[in-house]
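Let us read a protein model together, one feature at a time.

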Amino acid sequence: GAWVDANIRGGGEYGPRWHQAALKENRNKAYEDFEAVAEDLIRRGVARTGRLGIMGGSNGGLLMGNMITRPRAMELFGACVCQVPLLDMKRYSKLLAGASWMGEYGDPDTEDWEKFLHKYSAYQNVKEDSKYPPTLFITSTKDDRVHPGHARKMAAKLLDHPNAKTTTYYYENIEGGHGGAADNKQKAFMDSLQYAFLWQQLSK
């Protein structure tokens, strides 16, 4: 197998300008970059359609939520692990540390919602007639940054979805904060759980 880090716009890998290139109304550039990496991996033969697993947490969890709800999800991805994610961008600013991120994402209580925020609110973008890759949602009851309600409600919505109810999985650790695990033993267990899920899904 191969491991790939996708240094997409919106991250901090190449300095402030790289980060600022995908803020607010330009957030879509981060998701387009990620899909472009996936396309390139398939084109080069590093991965095959249906055999490419993706994983991300926190802001990367928002990325994962968008990857599974965008139109090309089933074409590109075989499985997803979505860790301590932001997913309901209509309400994120009212939960825990969410209000401090409005400079990054926008304010859902203003025209930002209609102009651009709704486009990358994964929870609201689940559609009845769409299909979704097998997805494992991971969160922590004691997360003090991203409320576990994001993962809970997204998992519940997909578990009630006709095309996703048998391929949606959820694990909530009752300790650990935003890192998901309280100690090395828990971290080892959670890492094993996630990689076992990916192996199970991608080796079918």
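The dialogue below takes up the fold, the core and the pocket in turn.

Q: How many helices and strands does the protein chain have?
A: This is a predicted model, in which local features need pLDDT of at least 70 and side-chain atom pairs count only at pLDDT 80 or more, while totals for chains, interfaces and linings use all residues. Residues are numbered from 1 along each chain as its sequence is written, and side-chain values use heavy atoms, with hydrogens and water left out. The protein chain has 8 helices and 4 strands, taken from DSSP runs (helices H or I, at least four residues; strands E, at least two) and numbered from the N terminus.

Q: Which residues have the most contacts inside the largest nonpolar core?
A: In soluble globular proteins, nonpolar side chains tend to be buried together. Here the largest nonpolar core has 41 residues, and M89, Y105, F137 and M154 have the most contacts inside it; such a core is a set of buried Ala, Val, Leu, Ile, Met, Phe, Trp, Tyr and Cys residues joined through side-chain atoms within 4.5 Å, where buried means under 20% relative accessible area with a 1.4 Å probe, protein chains only. At least two residues of this core come from each of α2, α3, β2 (79-83) and α7 (149-159).

Q: What lines the largest pocket?
A: A pocket is an open set of points on a 1 Å grid over the protein atoms alone, where a 1.4 Å probe fits, with protein on both sides within 12 Å along at least five of seven lines, and lining residues have an atom within 4 Å of a point. The largest pocket is lined by 38 residues, with A2, W3, V4, G53 and I54 nearest its centre, and α2 gives the largest share of the lining, 6 residues.

Note on methods. Buried < 20%, exposed > 50% of the residue type's maximum accessible area, 1.4 Å probe, protein only.
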